[in-house]
Amino acid sequence: MKFDGNLCYCSPAHGGWGIIRVAALIPESYLLFVCPAACFRHGALGAIQHGYKNRISYLYIDQEDIVEGYDSLIEDGIDELLQRTKEKIKLLFVYVSCLDDFIGTDLDAVLEKIGKKYPDIVFRPGHMNPIASSTKLPPAVTTYDSMLKALPVHESLDENITFYGNFVGIPEDNELITALKNAGKKVRQLSNCSTFEEYRELSLSKYGILLKPLARLGLVNLEKKTEAVHCNMFASYDMDIIKKSYEDIEKMLGMQIIPDMAMAEKKALKAIKNAKEAVKDLPVYVSDSATVFPCSLAVTLLKYGFNIKRIYAVDLVGPDQDAIRELSEQYPDVEIIQADHPKMNIRERNESYALAIGEEAAYLSNSRFVADISADEGLLGYQGVMILMDTLTEAVKEKADIRKLIEEYGGIV
Amino acid sequence: MIKIAVYGKGGIGKSTTTSNLAAALSKKYKVMQIGCDPKADSTKNLMGGRKTSTVLGTIKEKGEDIRLEDIVHVGYNGVLCVEAGGPTPGIGCAGLGIISAFQKLEELGAFETYKPDIVLYDVLGDVVCGGFAMPIRDGYAEHIFIVTSGEMMALFAADNINRAVNNFKDRGYARVRGIVLNERLVENEDQLVSQFARENGLNVIQTIHRSKMVQLAEDDGMTVVEKFPDSDIAQDYKSLADKMIEICSEGVA
């Protein structure tokens, strides 16, 4: 199934993890955006709002620069930035806009030259090109790839595990991390790194677990240079799929971890029961701001007995294609709504007595209750199911303040 | 894999030279020719006179889900023919067209799949914006040959291309390896082109003599190497092919 490519409506809740927030996760990194003055205002304002002001600079270019080409201007801009910045920058992301895709700036060559001048700094290119969003290489994917290319190739790898693709740390008491710790293994996560040196250790792990599809390209490219291997554990709240993922991890590691997870599985099942009792037959709306695979989540929740009525999504990818088939065959009454369709701007605005999962569904349906879940972040395995279910249970206890939730969740930054 | 870009003024005979070169090289090597002209007629005479679907045209028609078979066409003697394509005349950006086409070929793993021994880029040289410089970037062509005649505008374009390449000499870009004189029977043509080459530290590696057979072959949708393999003009192209391979293998002009 594919949505229409047409005029788009952008709701205030259209948000999530944009390139600034993601790239700035690398400790001691700095971002330089090279673009016309009016470009990326939204990102700049959002960055100020979210406290990234001191991590970003802009190098403005004008029409004359565009006509002439501005490779040297980027070099001069970086010189000036490095002289002005008081804190030591370990990694500098230089982002160019879609304009550079038109004029063909060879940013790699520019950064290679500047890298020789500043050998203590890692320079990485970035492309802030929303026109690539509908391609196989959208900005989120190329940004993550560029981030992983900043990792060194270590001579020998250790027996530990790195999680790739998540932006918020999986809690240390998660059953997978606990089981791995019990087996003497350390789990490395980007969000837990506090220094650039610590970040560079992510590629020291022999094993990787890919949590989100957007990180696949970067991880595959990284593995081409090392002997590291990975398996996938994409967001799922289906107990069988979670078990299957753990079996894959066991195979990759060549050791048992599932027996340690019995308690977590039991807690998840209890949380599902509690949530079902709390939510009862309330209509539930799922949105892709809550999860990468909204249709898969909807199918899982339908199987648990929840009254799923609608799915709001901008794009449907990967496992969701199978879930769509299942929905159309077994649950044909569930509506799948294109969240950025222009008609969304003339929708009914009365409060709906429903539970929305994710801010996008909350805003578009003006639902009374909201489960504040964003991009599956922090959720993994049985513990992820438990946290989701506890969030649903809590959400139906009081009317949500949607405006406040959206402000905290943030527009794309 | 040897990757060669053939540059020159529009209408100077780049496509004729490149496709004859591809035909000559195909006797010994697996060759891929990538036409980087919005007119998309670089490989026409390797394809029996047929214009083939272009990378950009196919992206426009089928969206992002295209396969290599949609854009790589097998022509004369197994030459793999690709046309980047271009925008609707009068609108759009031809330079971006080349960039997009190259990105698509890379994304689909064209070189890894077909493993050509030789890749020939046929590039328009009147314009040297970022898009038209794409084939000479690190990772694409390593060697450049400029096709020119003794005509003033052709030499002007050749000089422009050479200067553009020299601007990037501190980068890992391709270098100009030689000049190909495609005769237009201008007075003192040999001398004019030789002088241009000398002043730029280059050599004229081959003269392609004027021949009516080129036109006759192209009328039948063929290269002269295919249509008149024993002709003198076919010999010029075979000789050019040998010299290019020798230069590119040694890395010295």
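Into which domains is chain A divided?

1. Chain A has domain 1 (27-134), domain 2 (158-261) and domain 3 (265-409). These bounds come from an automatic or database domain assignment.

2. A word on the model and its labels. It is predicted: local features need pLDDT of at least 70, side-chain atom pairs count only at pLDDT 80 or more, and totals for chains, interfaces and linings use all residues. Residues are numbered from 1 along each chain as its sequence is written, while chains are lettered from A and ligands numbered from 1 in the order in which they are written.

3. Look next at how two domains meet. The C-alpha centres of domain 2 of chain A and domain 3 of chain A are 26 Å apart. In domain 2 of chain A, 19 residues contact 22 residues of domain 3 of chain A (contact: C-beta atoms, placed from the backbone, within 7 Å). On the domain 2 side, α8 (175-182) and α11 (239-253) of chain A each supply at least two residues. Helices here are DSSP runs of H or I with at least four residues, strands are runs of E with at least two, and both are numbered from the N terminus. That side of domain 2 has 13 nonpolar, three polar and three charged residues. Ala, Val, Leu, Ile, Met, Phe, Trp, Tyr, Cys and Pro count as nonpolar, Asp, Glu, Lys and Arg as charged, and the others, Gly among them, as polar.

4. Chain A also holds an open sheet of five strands. The order is β11-β10-β9-β12-β13 (chain A), and the pairing is parallel (strands pair if DSSP finds at least two bridges between them). Four bridges link β12 (residues 352-357) of chain A to β13(A). Within β13(A), Phe369(A) is the bridge partner of Leu355(A).

5. Now the two chains. Chain A puts 11 residues in contact with 15 residues of chain B. α5 (98-103) and α6 (107-117) of chain A each give two or more residues to the chain A side. α5(A) gives the most, with three. By class, this side of chain A has three nonpolar, four polar and four charged residues.

6. Chain B has 11 helices and eight strands. Its radius of gyration is 17 Å, close to the 18 Å from the globule rule for 253 residues, so chain B is as compact as a globular protein of that length. The radius is taken over C-alpha atoms, and the rule is 2.2 Å times the number of residues to the power 0.38. The C-alpha atoms of chain B fill a box of roughly 50 × 45 × 40 Å along the principal axes.
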